[in-house]
Each structure stands twice: as C-alpha cells, then as structure tokens.
Amino acid sequence: MDACGPEASQDTIAAIATAVGDAGIAIIRMSGPDAFSVADMLFVPGRGGAGAPHGLSSPAYVPGAGVPNGPESTSYHAVTSMASHTVAYGHLLDGPSGRVIDEVLLLKMVPPRTYTREPVVEIHCHGGRVVAQSVLRAVFGQGVRPAGPGEFTRRAFLNGRLDLAEAEAVMDLIRSQTDRGARAAVAQLEGRLSESIRAMREPLLDLLGRIAVNLDYPEYDAEETTLLQALQILADVRAQARRLLDTYAEGRILKEGLNLVIAGRPNAGKSSLMNRLAGQERSIVTDIPGTTRDVVETHVSLRGLPVRLMDTAGLRETEDAVERIGVARTMNALAQAELVTAVFDGAEPPSDEDGQLVRLLSESRVPVLYVVNKADVAHPEVEAALARLLPEKPLSVSARTGDGMEALVDRIAAVAVGNRQESESALVLTNERHRMQVAEAEARLAEAEMACRDGMTHDVVAFLAREAWVSLGAVLGEGATDELIDSIFSRFCLGK
C-alpha cells in the first residue's frame, strides 16, 4: 500500500495558505506525490539562517549563480534528502532561468504524518502579493496545478485523516467570531462530536447483530426478551441524541451569531444603549427625537457570544417620509430578530407608542428583554406607570453612566444559550447538516421504540434501528455523495 493511503491523489496541488496582502510571511502549501521532486527543482539550501538541511552536505550557493548542476538537473535532491518534519533555510528559484525569487524557509512533511496524508511541502517566503504569487507561479511551472477551495482538507477527508464532521470544523474554526465559537470548533475538530456519534452507533450495531441472530436462530432466544432488551438500547441511544439536539440552539448562535434588535419610541435611548453595548460610537445620539432614520448594525461579542446588534428607528406615527421608511425597516428588522431589547424612557411617562410596542411584541414569539433606560434620572411615578404597562419586571439601566449594563449583558447571554452553564468539556452541536442527521436518527429511534412496545416483528425494529444507524453515520461522512462533498468543500477558502 502506498504511503499516502489507498485513495491518495495522483496529482500535486498548491495554493497560498495565508491571507494575501502585506504581512511578515506568506506560506505556499504543496501536497501530492510530486511535492518533494518539485521542491528539489526550485529550492537551493543555503548556509545562512538555519543552515543547510540536517544531514545534508550541500555546496555553497551564490545568489544569481544558478543551482549546482543546473536547475533542470534531477540529481540535486536537497528536499528529498531532508528528514521529515524538518525546516531548511535557502533560496527559491523561478525554475527555468535560475533567478532567485526570495530567501525562504522550507518545511518538509512525509506521510502519513501530514495534513493530507500525502507528501507535503510548505514554503515560507516574505509576505506580500508579488513575492507569494511569484513563488506560486514557479511551483505551477513545474506541472503542479492550483488547489481548489478546501481541496487540502478534502484530501485529508478522502485519505482518512479526518471524518466529515472534523473536516467541517476546520472551516468553522477559521470563521469563528468569538473565543467560545472557536472552542466549540476545536472540540469538534479534535473528534468530540465524532466520538459522541460513534458512541451512539456502537450499541445500535450490536443490537442489529443480535436481532440478526434472533431471526436466523429463533430457538436460541425468546422474542419478548429480545424486544425488551432492544427497547432499553433504543431508549438509551435516543436520549443521547436528544441531549445533543438540545445544544443546537446555543451552537447555532456560537457559529452564526444572535440577531438582537433594539426597539423603542424615539429618544428612549436606543442609540446610547447600542453604543454602550458596542463599546464605541456606532449610532448618532442627540436630544432630537427621530435621529435614527435607518437600521444601524454592528457586530459585538457579549460573554463570548457573537451578537449582531441592530439599532432601529423609533416606532411612531410621523409625517416625515424618510422617517416612515425607517419605521418600515424597523418592522422588517423585528421580523428577523431572535431577541428584542425593548427600551423605555425612565424619565418620561409612557406614551401611546410605548403601548403599541408592548402590544406588537406580545403578539410575536421572539424573546423580549424589557429595559427602562435613564435610571440615573428616572422618576418613581414613571417607573410605577411602566411597571403597570410592561408584562414583566424590566431591567433598570443607564446607558449614559453604564449602571445596570452588566446585568443586561448577563440576561442577553442567558436568553441566547437557554440558561445552559458553559463548560469546557461540554459538546455543542453547531452545524445544521449535523442537526438534521441527528434529528432524523432520533425520529427513527422513536419509531423503533414504538415498534418494540407494540410487539412488532424483529425485522421492523431492525429496519428502523438501521435507518438511525445510517443517519448518524452520515454525520461522519459515511455514504456521502460527491454532490454533498462538493457542496461542503466549495465553501472553504483557497489554501485550506
């Protein structure tokens, strides 16, 4: 068997693995069977920096003088001679002319201990578009083809280094917006979700085997006992699936963020509240009602949760055409909200607009946090009137002084994650595809439990249990179609 694995690709690919732009370094990643031989043609070890590769006695190299024995020579095996997982200092040539492109570090990795389980070379050159693109063109000039989006990770999946859930976690980690989101992605990349899925599948596979024996050799087991045992196994696995599904609300927010709309009548302090939450001046604040004419957005991290804050135009009847458009956009934002912070002025008696907002929010299914702003200048009679108007006790804050803001942030985070206590070891489901597959498995398990209780035949129970087993396996990529794989990896960035 080839060192790259039974499904190793026959071509070699390359891409810039770092963001394009001004930077200290850029990394060009190359993977495939010809990675080392291509690097041999372009890389000349030097005697500066980290020195020549370990164990290699290379001739001195003078920049501009060409490669010893000529750049086209296949007898110069600087990279091939390197030990795996070592770094060499030297120069990278453009190939045909032997012109030096840059002073580089080259990292060699021999399979199977590589990201793709193929031969991998990384060329670390100076950052900047011109240098990195020049190195990449030199690599392509040796017959290497450009990597597609996510193709390195796709090869890692096809070569068995990662299952599909772990591969998807790579992109989640890159795109994570907060520490908590990154930790959830790392847990999945380390196989926590995969371990959980396998722990559910193992007893189902054992059950399928036992039912098969029961069907083939009925004289060795009583039907009632088998169905009772099956019921217990199915119930245990279903409970695990249910617990995993219950984490998805939090997981989706960790991955995609929470849409939080700040609503209220003009001059209630919505913009000041948004600026306080954002920690910067995002919305214009004046004493003139109706200053906010559009939905102002910003993204923040609150208790490690990514939140999309939307400051909206005040809800009121107005003759101003522009303000009417702003009110219409406020209504649209409320329709998209996952949490609404309804702001009321603690220094002014409740108005008709306040009552309209309460009625509007009471008819929606969106969670609402009622907030009375301007606590530093609030009047007791106003607070009493608001207490009669609002359906629940509001939070008292002052966006101007910051009083009460910590409690508000705590409430936002609690609503977002359903009051779950964060734990470093907690597994959170973040991917909609995974949720759908686990939900499908849970539904089949429920049907299998019912079949056991109804005393149905072994083959019916086995069919439903197998369907659940297959659905769980789909999370890991078992039976994945080319279309699904293409869809998943097409969303990856180049170089990953």
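The following exercises, each with a worked solution, concern the predicted model shown above.

Residues are numbered from 1 along each chain as its sequence is written. In this predicted model, local features need pLDDT of at least 70 and side-chain atom pairs count only at pLDDT 80 or more, while totals for chains, interfaces and linings use all residues, and side-chain values use heavy atoms, with hydrogens and water left out.

**Exercise 1. Determine how helix α4 packs against helix α5.**

Step 1. Locate the two elements: α4 covers residues 164–175 and α5 covers residues 179–189. Helices (H or I, at least four residues) and strands (E, at least two) are DSSP runs, numbered from the N terminus.

Step 2. Read the geometry. The angle between α4 and α5 is about 155 degrees, and their axes are 8 Å apart. Axes are lines fitted to C-alpha atoms, for helices over the stretch in contact, and angles run from 0 to 180 degrees between N-to-C directions.

Step 3. Classify the angle. Angles under 35 degrees count as roughly parallel, over 145 as roughly antiparallel, 65 to 115 as roughly perpendicular and the rest as oblique. Helices α4 and α5 are therefore roughly antiparallel.

Step 4. State the handedness. The crossing of α4 and α5 is left-handed; a crossing is so called if the near helix is turned anticlockwise from the far one by less than a right angle, and right-handed if clockwise.

Step 5. Name the partners, where contact means heavy atoms within 4.5 Å. From α4 come Ala165, Glu166, Glu168, Ala169, Val170, Asp172 and Leu173, and they meet Ala182, Ala185, Val186, Gln188 and Leu189 of α5. This contact comprises eight nonpolar, one polar and three charged residues. Here Ala, Val, Leu, Ile, Met, Phe, Trp, Tyr, Cys and Pro count as nonpolar, Asp, Glu, Lys and Arg as charged, and the others, Gly among them, as polar.

**Exercise 2. Describe the surroundings of Ala182.**

Step 1. Ala182 belongs to helix α5.

Step 2. Setting aside neighbours within four places in sequence, Ala182 is in contact with Leu173 and Ser176.

Step 3. The C-alpha atom of Ala182 is 9.8 Å from that of Gly304, although 122 residues separate the two along the chain.

**Exercise 3. Compare the packing of α14 on α15 with that of α3 on α16.**

Step 1. Helix α14 (residues 432–453) meets helix α15 (residues 458–476) at about 165 degrees, with axes 8 Å apart. The pair is therefore roughly antiparallel, and its crossing is left-handed. By class, the contact of α14 with α15 has 14 nonpolar, three polar and five charged residues.

Step 2. For helix α3 (residues 151–158) and helix α16 (residues 482–489), the angle is about 140 degrees and the axes are 10 Å apart. This makes α3 oblique to α16, and the crossing is right-handed.

Step 3. Thr153, Arg154 and Phe157 of α3 meet Ile485, Asp486 and Phe489 of α16. Three of these residues are nonpolar, one is polar and two are charged.

**Exercise 4. Characterise the largest cavity and the second largest pocket.**

Step 1. On a 1 Å grid over the protein atoms alone, a cavity is a set of points where a 1.4 Å probe fits but cannot get out, and a pocket is an open set with protein on both sides within 12 Å along at least five of seven lines; lining residues have an atom within 4 Å of a point. Grid points are joined across faces, edges and corners, and a volume is the space filled by probe spheres set on the points.

Step 2. Strand β2 (25–31) and helix α2 (129–140) each supply at least two residues of its lining, which has seven nonpolar, four polar and one charged residues.

Step 3. The second largest pocket has a volume of about 280 Å³. Of its 17 lining residues, Glu168, Met171, Asp172, Arg175 and Lys255 are the closest to its centre. Helices α4, α5 and α8 (248–256) each supply at least two lining residues.
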